[in-house]
Amino acid sequence: MTATTATVIEVRVPPRSAVGELRAIKIVWEREVVRFASDRLRMISSLVQPLLFLFVLGTGLSRVADAGTGGLDFRTFLYPGILAMAVMFTAMFSAASIVWDREFGFLREMLVAPIRRSSIVIGKCLGGATVATFQGVIVIALAGVVGVPYAPSLILEVFGMLALLAYTLTAFGVMVAARIRQMQSFMALTQMLIMPLFFLSGAIFPVSGLPAWLTVLNRIDPLTYAVDPIRRAVFAQLDLSQQVRHRLAPGVTWLGWQVPSLLCAGVVAALGVAMTAVAIVEFNQSD
Amino acid sequence: MQHAAVRARGLVKRFGTIEAVRGIDLEIAAGEVFGFLGPNGAGKSTTISMLCTLLTPSAGDAQVAGHDVVGDRDLVRRNIGLVFQDTTLDTYLSAERNLRLHAELYGVAREAVPDRIHQVLDMVGLWERRASLVSTFSGGMKRRLEIARGLLHSPRVLFLDEPTIGLDPQTRASIWSYIGVLRKTEAITIFMTTHYMDEAEYCDRIAIMDQGRIIALDTPEALKASVGDDRIQIQTDDDAGAITALEERFGLYATMVEGAVTFRVAQGEQFVPKLFAEFPLAIRSVSVSRPSLDDVFLSYTGTTIRDAEAGAADRLRHTGRMFGRR
């Protein structure tokens, strides 16, 4: 019990500074990554559902869908949606850790530290984005299995889009989680949100020629703007007739105007920034 | 000039219509071990929350380490260490990583971090277990780790909210011996709450709190001396008769406390032979005790701390756990 404290090491906490905030962001980010890396089960479990969709649903539906795909493997069509799905599940799960931290007390350790709440939110979002992107990369690695070539430019573009989507979805999750006290409520709420987001996004059907109500819902679904550029990038690498390409990857339109991929990415990024801002406001209020 | 470590004037906290803290005045010197004693629901945790900048006072003001708890929140936070009732550790990380995380959040100078982590872990006897996941720790080890973490950034004031709650007596004793070491090795003021009377004796000064007010504030010795008389408890077959007999024969006012007829008298040991000689009823057992802080609480509030807790439970149910999770 007699501690070896001949000399007490006095450490000092410096005044608040940008460097201090960056350190805080980095450590919050690091914690997310470390925890994810040490949790194999979570890594596997958040891949199960996307792979189930791709290989079971995709293979099964291809028997009825092949008639409409002009000879294209239905799973190839589905693949961009599955990339988005893998990222979505992991990002939401990362955001859930905020509720978890609140329930198990650790959130308080962060909230009482002499740092800005925004540093906590940004660190969380970046951490969630990192692990979700990592899950996306695993699915990118499967491209060959569903007949998508490993072209460096394609991989790069898909990776970029997924990283952006991962950030925005984590920010969305954190924004929702900021107000929620119980894990069950968060899980129920995300279940309610995830599936509509996924189905409406055009992940499993082409977004042109839909009934008006579905077109409207599709255009306001943020996931649409991530799935569409990815699908266009994937299809650009495939050898397809103009007609098939036009039917399966028509691209998102706003009142008939074709939205360029870069603008789609911009929409996702802008939403990410906006939701981060809302999450920060929420955290500043919750004391 | 040395600032008072903690100073509060007219501190009030209202939750809706309930006044949890009804005007607290305090001044705690640097280096002091100060205890807040009272039943659950007395407002101890709410007061600590205000001093720690976690709750905004409804009225009054307070300075901790010379900084205002409302105006200079960050400065206060940088100068205090906190150990909460509930654990706030990340149980999926190792002990050392928890401390490193804390050092980063508080922006402790990097070069000092490894040595300081070694030192605080040594102090609480957890250096050997630094690489273990916190989820493998016992309740007492977690609490010790939290104390180490609270000290990591060399705070000027360490707030311990019920540091020994839920621990077995042996672990409680060990926590206290660590706090004892801490007093000697670190230039620090310790502000703690407890509802264990025996623990309050470790403090330099104690404030007894009940129903949102400080009802007594002094050293443990002075508080006990203020009660003065010894306490005698007797067991009889006819408690009501015994109370009447005590009043009629000896002019003593007795009450039932914890199932025994209880009264106070100066020089209790000398009174007992007289009691046996003149008491009309059979006495099954007798106990004499010097005043304890329990008696102090009893004499100031007219109730024991255990009974007070039973009453406070209702108030608590309305206000929620103030220091608990938000």
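Colleague: Which pattern does chain A follow when read along the sequence?

Modeller: Happy to walk through it; bear in mind that this is a predicted model. Chain A has eleven helices and two strands. Reading along the sequence, the pattern is α-α-α-α-α-α-α-α-α-α-β-β-α.

Colleague: And what does the C-alpha trace of chain A span along its principal axes?

Modeller: Chain A has 287 residues, of which 44% count as buried. Its C-alpha trace, taken along the principal axes, spans about 80 × 35 × 35 Å.

Colleague: In chain A, what share of the contacts with a separation of 6 or more comes from residues 24 or more positions apart?

Modeller: Contacts here are pairs whose C-beta atoms lie within 7 Å. Looking at those with a separation of 6 or more in chain A, the share from residues 24 or more positions apart is 83%.

Colleague: Let's turn to where the chains meet. Which helix gives the largest share of the side of chain A that touches chain B?

Modeller: The contact takes 29 residues from chain A and 35 residues from chain B. On the chain A side, α1 (18–37) and α4 (106–111) each supply at least two residues. The largest share is six residues, and it comes from α1(A).

Colleague: How do the residues on that side of chain A divide into nonpolar, polar and charged?

Modeller: Gly is counted as polar in this grouping. For the side of chain A that touches chain B, the residues divide into 15 nonpolar, five polar and nine charged.

Colleague: Now chain B: which strands are the edge strands of its six-stranded sheet?

Modeller: The sheet is open, with mixed pairing, and its order is β6-β7-β8-β3-β9-β10 in chain B. From one strand to the next, the twist averages 15 degrees. Each edge strand pairs on one side only, and these strands are β6 (80–83) and β10 (213–218) of chain B.

Colleague: One last pair of things. What should helix α9 of chain B span, and how far apart are its end C-alpha atoms?

Modeller: Helix α9 (residues 239–250) of chain B has twelve residues.

Colleague: Which residue takes a positive phi just after α9(B)?

Modeller: Just after α9(B), a positive phi of about 65 degrees is taken by B:G251.

Notes
Residues are numbered from 1 along each chain as its sequence is written. Chains are lettered from A and ligands numbered from 1 in the order in which they are written. This is a predicted model: local features need pLDDT of at least 70, side-chain atom pairs count only at pLDDT 80 or more; totals for chains, interfaces and linings use all residues. Two residues are in contact if their C-beta atoms, placed from the backbone, lie within 7 Å. Helices (H or I, at least four residues) and strands (E, at least two) are DSSP runs, numbered from the N terminus. The expected span of a helix is 1.5 Å times one less than its number of residues. A residue is buried if 20 or more other C-beta atoms lie within 10 Å of its own, exposed if 12 or fewer, and partly exposed in between; C-beta atoms are placed from the backbone. Two strands pair if DSSP finds at least two bridges between them. Axes are lines fitted to C-alpha atoms, for helices over the stretch in contact, and angles run from 0 to 180 degrees between N-to-C directions.
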